[in-house]
Amino acid sequence: MRWRYLFVLFTFFFSFFIILSKLFYWQVVKADELSQLGQSQYGSVITIEAKRGDIETSDGFPVVTNKLSYLVFANPKEVTDKNKVADLLSSILDTKAATISARLDLPGYWASIQEGVDSGIKDKVESLNIPGIGFQVEYTRFYPEASMAAQLLGFVGKDSQGNDKGYFGLEGYYDRQLRGRDASAVEIHDALGRPILSKLDNSAQSQDGRTLVLHINRAIQFLVEQKLKDAVEKYGADGGMVGIMDPKTGGIIAMAGYPNFDEKNYWEYGQSLYKNPFITNLYEPGSTVKPIVMAGAIDNKLLKPDSKCPICAGPVKVEDYTLHTWNDEYFPNTTMEDVIRHSDNTGMVYVSKVMGLDRMLSNFDKFGLSDPTGIDLQGETASTISDRKTWYPVDIATSAFGQGISVTPIELLDGFSALANGGARMEPHIVDKVITDDNQTIVIPPKKISQPISPQTAKIMTEMLVYTVDKGEASFARLKGYRIAGKTGTASIPVAGHYDPTQTIASFIGYAPADDPKYVMLVIIDKPKASIYGAETAAPVFFDISRDLLQYYGVTPTEGE
């Protein structure tokens, strides 16, 4: 009796152990395989890709749009002779047979074979009637104007999950608006894994991305890119950039950097080229900042255009430093108007003494030289102004002629534009309006950021800058018959605690027509070899572009010039 009881107990525990082992085998060891089998017999969630929004220039032309393409995929369980299929597909898809074969050997019921296949290739694959090979609609970014405005537009790559994502420029900044919303569908399969029905998930309907319409003028952008490329090559420079803005609205009319990249094949270029130098590069602006400092002194009623400089007869000593003019020429008792005309560093040292540190820092802040501008592009870098406690007298003096402080080109362009717009500084903007998937238009209104100077001071500065263009060191390049306000810049480059005497960043900034500006433009030539001076490199580029711009806007020369 006792042995019978032990036998029953042993049988019970042994059976229980067998059951637990089977459960462990099916629920742990075979879990993934059973899950895939279940999905193949019931269904799987597939994504219905939303169409990414277009990007259009101001004339409605799409500089970025979409081209219909296909993803070739396979159900490896249905592919019988995998080596033969791999050979057939490789000859059409221009992909190694070994690569395709490896994907067909993957476990599961779905494997990606190749993305971005056009309709012609898709038809060739489809004509083979290979069981287990299917196609999924997708959209590939297409650039009708090739690489034009690449650094401004950015590109579309893949995120860590393999989904499309915008990077840099407009594609990065407006990624959520452009990408729309994908939809989900449940695809029902039979026992062999073949699709027999798809049911949309009504809670997540597909929504196409929005279209961006830019302030960018396509004709002007093309012109600027060509002129910039020619200038960089002509002057043997490392690179260059140009930005053009409507000072009344803040709308960016054109923005270009050279060298740039091809957004269609972005992976073939160094990552440094992805960044837009006009919004990311910090540099010492040199003499282009002098009008901004002078405007602050005049607006605070500390100086007038005809005020005399009492320290401009020779080099000026500040602490242990001796400060010179750029060409070692000096003008005793020169006026403030001629300080700007001659780009006189000693005259600007005097302006800084009159202004004092607090007013200098406040003026830089009002003109936006210490904060991000808020431009709608991914990757903007902001300059910083050191805490007032760290400033020495020599720092105040050199900042007045643009050395010892750093700005981005967009900060300088935006700040300088206040001189052209009655003293009002507008937020720079690339996108003019957004068109939703149901064809509703959302206009982005102009936004005033600050009023650093009065309209009266802006008029005074305009006259001083017109005088500078007509009589200054770049007067040889000016356009006769037009009133253009502008200023050259030749900034030394700091290296290892001192300034390199052989390399500069040459620039010219200005606006036209001076009395009713259609645009304000900044031209920067990085390390030109032909000449280190902005008057001899950047200024000719500025006036060359301006000649075409003024004709484009229908501005006629003044009689008698």
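In this predicted model, strand β11 (residues 239–245) pairs with strand β21 (residues 519–526) in the antiparallel sense, over seven bridges. The two strands belong to an open sheet of five, ordered β12-β11-β21-β20-β19, with antiparallel pairing.

- Helix α15 (residues 409–420) lies across β11, β12, β20 and β21. The helix runs at about 145 degrees to β21.

**Strand β11 and its partners**

- On the β21 side, Gly243 stands opposite Leu522, and Gly240 has Ile525 as its bridge partner.
- On the β12 side, six bridges join β11 to β12, and these two strands run antiparallel.
- Gly240 also stands opposite Tyr258 in β12.
- The hairpin of β11 and β12 has six residues between the strands, and Gly250 in this hairpin takes a positive phi near 85 degrees.

**Burial of β11**

- How many of the seven residues of β11 are buried? Seven of the seven are, and the strand is mostly covered.
- In a regular strand the side chains alternate between the two faces of the sheet.
- In β11, both faces are covered. Gly239, Met241, Gly243 and Met245 are buried on one side, and Gly240, Val242 and Ile244 are buried on the other.

**The second largest pocket**

- The volume of the second largest pocket is about 1,100 Å³.
- The pocket is lined by 42 residues, of which Asn345, Phe401, Gln403, Ser492 and Tyr499 are the closest to its centre.
- Which elements give two or more residues to this lining? They are β14 (321–323), α14 (393–399), β19 (485–495) and β20 (498–512).
- Two of these elements, β19 and β20, are also strands of the five-stranded sheet.

**Cis peptide bonds**

- Most residues other than glycine have a negative phi, and most peptide bonds are trans.
- Tyr258 and Pro259 are joined by a cis peptide bond, with omega at about 5 degrees. Pro259 lies in the loop between β12 and α10 (277–280).
- Another cis peptide bond joins Ala512 and Pro513, with omega at about -15 degrees. Pro513 is placed in the loop between β20 and β21.

- Glu319 is not a glycine, yet its phi is positive, at about 55 degrees. This residue lies in the loop between β13 (316–318) and β14.
- Ser343, also a residue other than glycine, has a positive phi near 50 degrees. Ser343 is found in the loop between α12 (336–341) and α13 (345–366).
- Are these two residues buried or exposed? Glu319 has 39% relative accessibility and therefore counts as partly exposed. Ser343 has 2% relative accessibility, so it counts as buried, the cut-off for buried being under 20%.

Methods:
Residues numbered from 1 in each chain as written. Predicted model: local features only at pLDDT ≥ 70, side-chain atom pairs only at ≥ 80, totals over all residues. Heavy atoms only, no water. 1 Å grid on protein atoms, 1.4 Å probe; cavity = no way out; pocket = protein on both sides within 12 Å on 5 of 7 lines; lining within 4 Å. Points joined across faces, edges and corners; volume = space filled by probe spheres on them. Helix = DSSP H or I, 4+ residues; strand = E, 2+ residues; numbered from the N terminus. Pairing = 2+ DSSP bridges. Contact = heavy atoms within 4.5 Å. Axes fitted to C-alpha atoms, helices over the stretch in contact; angles between N-to-C directions. Buried < 20%, exposed > 50% of the residue type's maximum accessible area, 1.4 Å probe, protein only.
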